[in-house]
There are 2 protein chains.
Amino acid sequence: MTPDPGLASWLQLALTPGLGPSTIRKLLRDFGLPQAVLSRRRSQLAGYASPAALDALDSASVREAVERALSWAAQPQHFIVTLADPSYPPLLLEITDPPPLFYAHGRLELLQRPGLAIVGSRNATVQGERNAEEFAKALSGAGLTIVSGLALGIDAAAHRGGLAGQGSTIAVLGTGIDLVYPQRNSALAAQIAEHGLLVSEFALGTPAAAHNFPRRNRLISGVARGCLVIEAAVASGSLITARSAADQGREVFAVPGSIHSPLSKGCHALIKSGAKLVESADDVLSELSGFHPLAAANALTAQAGAGEAPGLLAHMGHDPVDVDALCARAGLSAEQVSSELLRLELDGRITALPGGLFQRLEKARGA
Amino acid sequence: MTPDPGLASWLQLALTPGLGPSTIRKLLRDFGLPQAVLSRRRSQLAGYASPAALDALDSASVREAVERALSWAAQPQHFIVTLADPSYPPLLLEITDPPPLFYAHGRLELLQRPGLAIVGSRNATVQGERNAEEFAKALSGAGLTIVSGLALGIDAAAHRGGLAGQGSTIAVLGTGIDLVYPQRNSALAAQIAEHGLLVSEFALGTPAAAHNFPRRNRLISGVARGCLVIEAAVASGSLITARSAADQGREVFAVPGSIHSPLSKGCHALIKSGAKLVESADDVLSELSGFHPLAAANALTAQAGAGEAPGLLAHMGHDPVDVDALCARAGLSAEQVSSELLRLELDGRITALPGGLFQRLEKARGA
């Protein structure tokens, strides 16, 4: 892909030690795009960051890091997505501390799909891992993209289940995207890069560090519509993710278990404080407002007459259009239109655009 | 005990086939006590019951049944408690269909104590029975009287646990109080008659009949402040009891379990519809509003100085008094007063009266 001329400036801000996401957002708010920030005199930036950070901004080491990131992004299926990018996930813009940019490797369009975070203990039970994989497989089969953190145990099982369904899976990493942690999941990470998506907000080469994981957890919940905890001890990272989800206004789900199992205590604590108890994928689907599983979409298609060109496509025209306009044009309910849009999107006939818009995908001439 | 001269009239109404509790309450509302009802001309009663029921009212078979009940009640620790009796449990008066009278065998005063229903499957798992017994023992130890239905499985385990603590246990039967169903629980029933309380609203000799058990379940929840379901299938009798409890404004608690266990599905359904998930006796105690476990009472006593005459007794005088008045007299919080009252009641120094009143119990002269 052609490198975005502004991307180097985004990277320069993001890769400067001492400039955190909130400082960067303040600079963008006051001065505009990164290129405009960087064109300011140092004295104008003095109130925003420490002298050390301002010294670093123009340093050789930052320039080298920017070059490295640009050459990483030049490889196939590698992306650096900035706040200004139309493919920045709208849900992530809603969180209190969205990263100025993140790195992605794989099927970038998965970030525009409805996602569900599935997380839990690294030291899960055999039954817990099986539950995670089965929930993930069923929910991915219903069209949800399964988001998790590539940890051992529940996370890995959730990714495997996600890969088995058409919703696929997104792994949000706590390290640089060019590293795999833990090493034991490297084959899984390679599969996800090919059939799903790897995402990280950390600079290339950032090693695993305990303090980065809670920060990473807010992105796992942030790109998803809800968060399902399968097995978790009290005071575990999974509960941090669940708390992030609740703070971000996402639905929180938890799977119950024996009152004598330490790995159910975290789930029970969540249910006591308001999380939905779920026993099956259907329990999750029926609670996710605004999401209509593929079953509903398929039923609608069957009803409309199998094999026939679906009517909705004819109403779409060739310009981006939103659900309300389609309802009016087609004389259908918002629910019917959303189901049909999802089916069309999965069939590759339309694409979802930022801002709740949808557009037909045209076949190339001669195809 | 001296037989209540009006008791025969109460029994005559209650034992007449075709006069249900609601008909009897209507008659009492319109004419006063049963003796007044029975002194009316038959024409005045015609609108209330069928001719067959009015014929039966004065029949030889009803008179015989009344005699049998009176001679049953003349035995030690046997009681027939009518709506007019001060020992009729105040909580039971709150339900929509309180029985006009009920039979009781054992420690009648247990009905004035704070009670908790613990119910569940007859076909419980070994772990389920163990959980029931442990919850019951801990909660009885904290001063709650454990109420259940003398069924096999969870019920029996709950009664055993209740007997092990000072709260003891109440079994509400679905048969006449002179029968034990199921037979396998006859040794347990005998223990409950001696150390706890058996209760039934059904006439002596009423055999086990399926349609009487749901009716009985409303009394299990009705005499208790809350209802804890340990293990239950969906569409089980335990869920009927839990629904009664919710309808009666009682707290409903449920113990979670594996999503793969059929006997957890009833509990999970309850939690989904608003029941509190509980993992321990403490979870129950902290949710039961207005109940202060013995631990709190003991702490208060220790604080006040062990072995000293507690101050509250001096503030009680010799007339019935309510908690608000005691708070004002003793300068204590309602919580402190309630805790201390519970301790004094368990020590046999005071007695709880209907209407939230308490009274000192005096030692006999020369004792």
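Start by selecting Glu279(B): this residue is buried, with a relative accessible area of 16%. Here, buried means under 20% relative accessible area, exposed means over 50%, and partly exposed lies in between (1.4 Å probe, protein chains only). You are looking at a predicted model, in which local features need pLDDT of at least 70 and side-chain atom pairs count only at pLDDT 80 or more, while totals for chains, interfaces and linings use all residues. Residues are numbered from 1 along each chain as its sequence is written, chains are lettered from A and ligands numbered from 1 in the order in which they are written, and side-chain values use heavy atoms, leaving out hydrogens and water.

**Stop 1: across the two chains**

Lys272(A) and Glu279(B) form a salt bridge, with their closest N and O atoms 2.9 Å apart. The term stands for a side-chain nitrogen of Lys or Arg within 4 Å of a carboxyl oxygen of Asp or Glu. This pair crosses between chains: Lys272(A) sits in helix α13 (residues 262-272) of chain A, and Glu279(B) in the loop between β9 (276-277) and α14 (281-287) of chain B. Helices (H or I, at least four residues) and strands (E, at least two) are DSSP runs, numbered from the N terminus.

Next, select Lys272(B) and Glu279(A). Their side chains also meet in a salt bridge (2.9 Å, N to O).

How many salt bridges does the rule find across the interface of chain A and chain B? There are six.

Widen the view to the whole interface. Chain A and chain B each bring 17 residues to the contact, where contact means heavy atoms within 4.5 Å. Between them the chains bury about 1400 Å², with 59% of it on carbon and sulfur atoms. Buried area is the accessible area (1.4 Å probe) that two parts lose on being put together, summed over both. Select Ile259(A), Lys272(A) and Glu279(A): they supply 43% of the area that chain A buries against chain B, more than any other three residues.

**Stop 2: the sheet**

Show chain A as a cartoon; it has 18 helices and twelve strands. Find the open sheet of nine strands, with mixed pairing and the order β1-β2-β6-β5-β4-β3-β7-β8-β9. Its edge strands are β1 (78-82) and β9 (276-277) of chain A, each pairing on one side only. Two strands pair if DSSP finds at least two bridges between them. Strand β8 (residues 251-254) of chain A runs parallel to β9(A), and two bridges join them. To see one bridge, select Ala254(A) and its partner Leu277(A).

**Stop 3: a charged network**

Select Asp97(A) and Arg215(A), whose side chains meet in a salt bridge (3.5 Å, N to O). Asp97(A) lies in the loop between α7 (90-93) and β2 (101-106) of chain A and Arg215(A) in helix α11 (residues 212-222) of chain A, so this pair ties together parts 118 residues apart in sequence. Asp97(A) is partly exposed at 21% relative accessibility, and Arg215(A) is partly exposed at 25%.

Then select Glu201(A) and Arg218(A), which form a salt bridge with closest N and O atoms 2.7 Å apart. Are these two residues buried or exposed? Glu201(A) and Arg218(A) are both buried.

Salt bridges that share partners join Arg25(A), Asp97(A), Glu201(A), Arg215(A) and Arg218(A) into one network.
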